[in-house]
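Hi,

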Amino acid sequence: MERVIGIDLGTTNSCVAVMEGDAPVVVPNRGGYKTTPSIVAVTEAGKRLVGHIAKRQAITNAENTVYAAKRLIGRKWTSPQVKTTLLASAFTIVEGPHGDVRIKLREKTFSVPEISSMVLQEMKVIAEDYLGGPVSKAVVTVPAYFNDNQRQATKDAGQIAGLDVIRIINEPTAASLAYGFGKGFDRTIVVYDLGGGTFDVSVLEIGSHGVFKVIATTGDTFLGGEDFDGRVIDWLVKGFHEEHAIDLRQDRMALQRLRDASEKAKCELSSVVETEINLPFIISTGRNEALHLQRTLTRQILEELTADLVSRTIQITQQALLDSKLKIDEIDETILVGGMTRMPAVQRAVGQLIRKVPSKGVHPDEVVALGAAIQGAALVEERHEMVLLDVTPHDLGIMTVGSHFEELIPQNTTVPTSRAKIFTTSRDNQTAVKILVMQGESRKADENELLGEFVLTGLKPAPKGQVEIEVTFAINTDGIVSVSAKDMDTGQAQSIQVTATSGLTTDEIRSMMQNAQDYMVERRTDEAFEIERQRAETLMAEVESMFSVVERVVGASDFGKDALAKARSVVERARQAVKRKDSQAVLEQIDMLERTIRMFRGVVSRGT
Amino acid sequence: MSADQRRPTHPPRGRAPLDTLDKLDSLRPSSLPPELGELDFSWDDDLIVQGQRPARPVLSPLELDLELDEGDRPTAVPDIPMDQFVARAMAAVDRDEQGQNRQSSPSPLDSAPTSGPPTLRQGRVPVRPVEAYELIPRLKTTSIPDLLSLAHKPDIEKAPLDPLALDISEMHINGPNRYLSPTEPPEVEAAFDTTVAPADDDPHRHTEADSVTTITLSPGEDTSRPSMKDRYAIGDFSGALEIAEILLSVDPSDLEAQRYATSCRDVLTQMYLSRLGGFDQVISVVLPAEELRWLNLDHRAGFLLSLVDGVSTIEELLDISGMSRLDALRIFATLREQRAILLSSR
């Protein structure tokens with residue numbers, strides 16, 4: 001049976017899991033880490049870096065390193081979120097040809113789904129290396145607040161990476177699945193998700209028949225673990241400045257080390273009460289000396305530095321509870337998601353708010369991927385009791401007079417579905433109406449997302465309110481929304497189909513898929529060549545290490561001189577073959593090197 | 001080229017056809033020492049059967065004024081830090097130009113010199129014959145003049161001193177040949193050279209804080225084109241590179257300076273890489289933090305050390321170093337000499 005992987009495509013870190021028997025397991029990457037930074041970079045040499053290695057040069061190569069692409073995916077260039085990200089990012093964000101967002105790295109421009117596809121491709125490779133075979137199907141998670149365009153863009157990213165994304169599910173829903181909710185009885189749970197770059201809190205009603213209803217979701221897309229790291233950096237920089245009158249932020253290398261050390265110290269303080277930050281040779285003074293940074297950070301100091309950040313998350317959680325119209329004692333469980341929830345101060349604050357100890361049985365940075373893997377297996381094995389019913393993530397409706405939003409299909413309605421409502425004209429002798437199809441939860445139309453529009457003409461002139469127009473919304477199993485409007489008197493009708501778009505055309509996606517495939521072929525070829533190269537270099541080093549001994553034994557003879565000359569020639573040819581990346585030549589030279597070594601060993605053993 | 005066409009093909013391996021083996025016998029060297037007995041004479045069959053000369057290096061030869069000997073061969077890395085070697089060579093050249101006579105001293109190395117006169121290059125910097133050992137940087141064949149090629153030669157007669165010759169006796173070699181293969185574990189010493197502090201009167205003094213391109217030139221030194229060529233000729237690739245970059249800062253389209261700069265970078269990269277064992281070597285820090293502080297490092301070396309995790313290879317660290325590859329390699333080579341880092345195969 002084909003394996004389906006579950007991928008948590010996070011803002012700062014991603015995670016991949018797969019079912020092994022009846023239990024999901026997270027797949028570690030080559031470095032042994034269970035999460036991989038969602039960071040993509042291009043070096044000066046044009047080499048693509050993804051994951052941990054990209055993170056380690058994120059500051060020294062900031063202009064060509066993309067992080068938190070999730071904040072941009074599926075959004076239009078005019079979106080306020082894009083404007084905010086533009087101001088906060090060192091990499092270049094430009095407008096795309098379809099009003100979408102593109103990112104410039106070195107001389108090339110990439111779409112946001114393409115950047116995310118590089119992360120997904122990396123997760124795919126991790127899974128394939130673990131499973132020992134190709135993987136083509138995946139379930140990918142997204143935040144509960146993602147609209148159709150953002151979800152479609154995430155699917156496109158999967159497609160570019162060579163993955164058939166068989167389902168997009170909400171992150172809080174996936175986390176709930178991992179905790180075993182959804183089978184047996186109804187529950188109301190709060191999912192508190194404090195990740196590396198974003199904070200999301202959702203209130204879910206879970207039905208025993210497999211429907212997970214997100215009844216409230218809110219958050220802050222610029223509040224996460226990186227902000228906690230930033231407070232530690234500020235503290236270190238300030239202390240160093242007071243001591244040495246040097247601003248470490250002015251040096252990228254120093255800042256990179258500060259960031260890495262701050263994050264490490266923050267994580268350590270979840271389990272110990274103090275830790276030492278030791279950064280020797282952090283900065284040169286220009287007087288032939290370098291200064292060291294050494295400070296002790298305690299848990300208490302960290303909590304003081306970040307108290308306002310934790311308070312902010314609690315305020316947002318309270319807002320979510322208000323939106324859900326639920327009381328604290330109506331909450332059955334609270335799930336902690338995201339690495340930052342390991343911080344004792346965060347756990348204390350959530351526990352105090354909900355008045356219950358949060359569920360902690362599953363690793364908070366793995367729980368979403370585990371839930372996605374569970375859902376993927378259920379879909380493939382057609383275990384209906386485990387399959388989440390597909391629902392509309394947001395209210396669907398039209399704009400009415402006064403810029404109000406009239407809902408026709410409420411949020412969390414299972415698909416396929418169809419609803420109709422009767423509307424009327426707002427002016428006397430109105431002969432045409434404009435139908436604006438919108439998606440969102442606000443009662444004000446301009447706060448929701450416009451999906452499409454059309455005009456119904458040929459209305460019979462009449463006083464306002466006397467013309468009846470029936471508007472029908474229908475969503476099929478593929479998620480395509482069809483909207484029609486019909487004059488009940490004349491029978492005049494008009495309709496449109498609304499499909500989510502990521503801003504990429506089919507041709508563009510096809511081209512990006514080909515680029516991604518070519519990249520993978522080249523990468524596998526490089527990996528194979530790397531093995532040959534290492535073998536050649538080991539042999540070259542061994543030959544060279546024997547030169548002096550062989551020279552001592554037979555260097556005086558013509559044979560010896562000839563042999564040494566030829567050996568040097570072999571080594572040089574091998575070196576050139578490696579430099580040219582000529583796999584065939586390298587293999588030939590490996591053979592020559594091995595024979596040279598056998599020859600030398602013979603010489604040495606007879607001569608000693 | 002499509003992805004499929006890029007896939008490498010692996011050639012069949014095999015030995016030379018039998019009908020050529022008879023021809024090979026006639027090519028066997030006749031001066032093989034009798035005590036060596038049976039040896040595998042076919043180890044270099046492919047070279048003879050193919051009738052080829054060693055492949056030319058990828059770099060096209062520079063259009064240098066110097067005549068190149070087509071028998072040039074790469075040689076081993078000097079046993080002392082390259083910068084010290086070059087500095088001393090330059091100092092020796094300067095002293096000899098002032099007409100001072102010096103006598104060569106026996107090689108402190110335990111490797112026995114072999115017979116045969118050293119190579120004397122026509123018209124340029126002649127090499128003073130000495131009881132010598134391999135000191136010279138590993139050079140690209142045919143593209144770099146092998147002016148300092150000194151093989152083991154036991155019966156070298158001490159020739160009259162040439163004013164441009166090098167003073168080998170002043171090169172202090174610290175014990176036996178330190179060139180270690182990547183498979184050999186390094187010697188662990190209780191004490192270590194905590195600083196690389198050159199003598200105050202050394203005109204080529206440099207600090208770790210300087211990039212490789214600013215090492216060898218002192219204020220007032222000649223930074224002209226002939227000086228660049230001269231430095232290149234005697235193997236001062238750092239100095240030649242520095243001058244080339246100065247010339248390029250004045251005229252970025254200077255093709256000759258570009259060629260010299262590229263060649264110097266390649267040679268220096270090879271030299272440092274040969275000390276480190278290859279791009280695939282994994283670096284680990286072996287000194288405890290409190291001992292690292294005693295090393296006279298700058299913030300760039302500190303940054304490179306901070307990237308070392310015991311898992312990443314040299315190639316991977318160069319990708320994220322945030323500095324030129326040459327500078328990073330130089331720093332790693334220095335750290336290795338200071339025994340601050342350990343190299344091992346992945």
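In chain B, 77% of the contacts between residues at least 6 apart in sequence join residues at least 24 apart; two residues are in contact here if their C-beta atoms, placed from the backbone, lie within 7 Å. This is a predicted model, in which local features need pLDDT of at least 70, side-chain atom pairs count only at pLDDT 80 or more, and totals for chains, interfaces and linings use all residues. Residues are numbered from 1 along each chain as its sequence is written, while chains are lettered from A and ligands numbered from 1 in the order in which they are written.

Staying with chain B: 37% of its 346 residues count as buried (20 or more other C-beta atoms within 10 Å of a residue's own; 12 or fewer is exposed, in between is partly exposed, and C-beta atoms are placed from the backbone). Chain B has eleven helices and two strands, and from the N terminus on they run α-α-α-α-α-α-α-β-α-α-α-α-β. Helices (H or I, at least four residues) and strands (E, at least two) are DSSP runs, numbered from the N terminus.

One helix pair in chain B is worth a look. The axes of helix 7 (residues 255–276) and helix 11 (residues 325–337) of chain B come within 9 Å and cross at roughly 30°. Helix 7 of chain B is therefore roughly parallel to helix 11 of chain B. Axes are lines fitted to C-alpha atoms, for helices over the stretch in contact, and angles run from 0 to 180 degrees between N-to-C directions; under 35 degrees counts as roughly parallel, over 145 as roughly antiparallel, 65 to 115 as roughly perpendicular and the rest as oblique. The residues that meet include B:Leu268, B:Tyr272 and B:Leu276 in helix 7 of chain B, and B:Leu329, B:Phe332 and B:Arg336 in helix 11 of chain B. By type, the residues of this contact divide into eight nonpolar, one polar and five charged (Ala, Val, Leu, Ile, Met, Phe, Trp, Tyr, Cys and Pro are nonpolar, Asp, Glu, Lys and Arg charged, and the others, Gly among them, polar).

Over in chain A, the axes of helix 3 (residues 112–131) and helix 11 (residues 506–554) come within 11 Å and cross at roughly 35°. There, A:Glu114, A:Ser117 and A:Gln121 of helix 3 meet A:Met512, A:Ala516 and A:Met520 of helix 11. That contact splits into three nonpolar, two polar and one charged.

Now the strands. Chain A has an open, antiparallel sheet of four strands in the order 20-19-22-23; strands pair if DSSP finds at least two bridges between them. Strand 20 (404–409) and strand 23 (449–456) of chain A each have a single partner, so one side of each is left without a neighbour in the sheet. From one strand to the next, the twist averages 30°. Strand 22 (residues 433–439) of chain A is joined to strand 23 of chain A by seven bridges, with A:Val437 opposite A:Gly452.

Strand 25 (residues 481–487) and strand 26 (residues 493–498) of chain A also pair antiparallel, over six bridges. Their hairpin has five residues between the strands, and A:Gly491 takes a positive phi near 85°.

Last, A:Thr60, in the loop between helix 1 (52–55) and strand 7 (65–67) of chain A. Is A:Thr60 exposed or partly exposed? Partly, because 19 other C-beta atoms lie within 10 Å of A:Thr60. Not counting residues up to four places away in sequence, A:Thr60 touches A:Arg252, A:Met253, A:Gln256 and B:Gly322.

Cheers
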